[in-house]
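User: Please go through this model with me, setting each value against the definition behind it.

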2 protein chains.
Amino acid sequence: MNDKYESIRLRNQLCFPLYAVSNMITRKYKPLLDELDLTYTQYIVMMVLWEEEKVNEKLLCETLCLKSNTVAPLLKKLESKGYIKKSKDSDDERNIIISLTKTGEKLKDKALDVPKGIACRINLSKEEAMTLYKILYKMLDEDKKEGD
Amino acid sequence: MNDKYESIRLRNQLCFPLYAVSNMITRKYKPLLDELDLTYTQYIVMMVLWEEEKVNEKLLCETLCLKSNTVAPLLKKLESKGYIKKSKDSDDERNIIISLTKTGEKLKDKALDVPKGIACRINLSKEEAMTLYKILYKMLDEDKKEGD
DNA sequence: CTGAATTATATCGCATACGATTTAATTTTG
DNA sequence: CAAAATTAAATCGTATGCGATATAATTCAG
C-alpha cells in the first residue's frame, strides 16, 4: 500500500479539501446573497466598506488577498449597481478611493441576516471553528511575510 | 466595540480566510504545475486518473465536488493536450468513461515533484496540518449528507 | 410497448482569478 | 528640472465555477 505514489493521491492532499470547502462555501452563500443582489466576492468588498467607509483600491486588494485585475471589474459592477462610488485622491491622482453610496450604506442592515443564515449551514463546534480560523490566518500571515 | 455589526466584520468571518487560503494555494501551485502544463483544477483531475485508471464523468464530478459544467471543459482541454481520452460506456451510452493516454500516464512520475515543492511553501506543523485536514473533511462530509 | 419521467452530458451566460502588458501619475536621480 | 524608475490602475487573454437550459439515452408506467 505504501507505494511511491502515495503523495499524489487525492485523499492525501491538504490543498484539495481547502479548495473544495472554499467552493462549497461560495455555493452556500449564494441563496443568502441573492437577497442583497451580491455575489460572494462582491459581499467581501462591501464588508470592508461597511467597516471603513472609505478605502483605497490598492489597500482593498491587499485586505482581500486579491489582485487588482480581479477587484477592478468587481468595483465596476458594484458601481453600476449603485452601491459604491469611486473618486481620485487629490494628493495622488493614481490612487482611487472607494466609498459607499446611500444605497450601499443601507444594505448593511439587511446584511446582518447573512451570518445567521450561514452559521446554521456549517456544522462546526466553537472550538473547531476557532482552531480552523487560527490555522488559516497563520497560513495567510506566513504567505504575507514571504511576499516581502 | 461590541456593536451590532460585529458579525459582518471581515475579520470575524471564518469563510473569508478559507476563501483567501484557497486562492493562495492555487497561486502557489502554479509555478510547479507549469512544469507539467497543468492548471490546479486539471491537476486534481489527473490525480484521480493516476489512481483509478478509468473513471466515469459523473463519479469524477462527485469526487472533486465540482459540477459537470465545470469539469466538462476541463476534460476537453486535457483531451486536447493528449493526456486523457474519452469513451462511452457500451452498457449505457449516456455514461462517459475517462481514461489516461500513454502521455498522461507518463506524467505521473513527473508529478511526484509537486507535493515536495508545495510542502516547503506551507509552513504548518504535522499536527496543524492533520487538524486542518480533519475539520475540512468534516465540513465536506456534512455537506454531502445534506445533499441527500 | 409507447409516451412520460429520469438521468448523464453538453451548451450558454455571467462572474470571478490571475499573469502579462499597457497607461497614467509621481518620485527619484543625475 | 528633465529623463528614468517606480507605482497604481486599467486592459487583455486564459481558465475556472456554477445556475439554467437543452439534448440524448434509458427507464418507468399504464
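Analyst: The model is predicted, so local features need pLDDT of at least 70 and side-chain atom pairs count only at pLDDT 80 or more, while totals for chains, interfaces and linings use all residues. Residues are numbered from 1 along each chain as written, chains are lettered from A and ligands numbered from 1 in the order written, and side-chain values use heavy atoms, without hydrogens and water.

User: How do you know that the copies meet through the same surface?

Analyst: Contact means heavy atoms within 4.5 Å, and 60 residues of chain A are in contact with 60 residues of chain B. Of the interface residues of chain A, 100% are also interface residues in chain B, so the copies meet through the same surface.

User: How much area do chain A and chain B bury between them?

Analyst: Buried area is the accessible area (1.4 Å probe) that two parts lose on being put together, summed over both. For chain A and chain B this comes to about 6,300 Å², with 67% of it on carbon and sulfur atoms. On the chain A side, I8(A), L10(A) and Y19(A) lose the most area to chain B, together 11% of what that side buries.

User: Why is the pair K28(A) and D143(B) called a salt bridge?

Analyst: The term asks for a side-chain nitrogen of Lys or Arg within 4 Å of a carboxyl oxygen of Asp or Glu. In K28(A) and D143(B) the closest N and O atoms are 2.9 Å apart, and the pair forms a salt bridge. Across the interface of chain A and chain B the rule finds eight salt bridges.

User: Which residues are closest to DNA strand C, and how many surround it?

Analyst: A residue is near a strand if one of its heavy atoms lies within 4 Å of it. Around DNA strand C there are 25 residues, the closest being T39(A), Q42(A), N69(A), Y19(B) and R27(B). Of the atoms of DNA strand C that come within 4 Å of the protein, sugar and phosphate account for 76%.

User: What lies 2.6 Å from a phosphate oxygen of DNA strand C?

Analyst: A polar side-chain atom of Q42(A) lies at that distance.

How values were computed: Polar contact = N/O pair within 3.5 Å; in protein donor to acceptor, adjacent residues only side chain to side chain.
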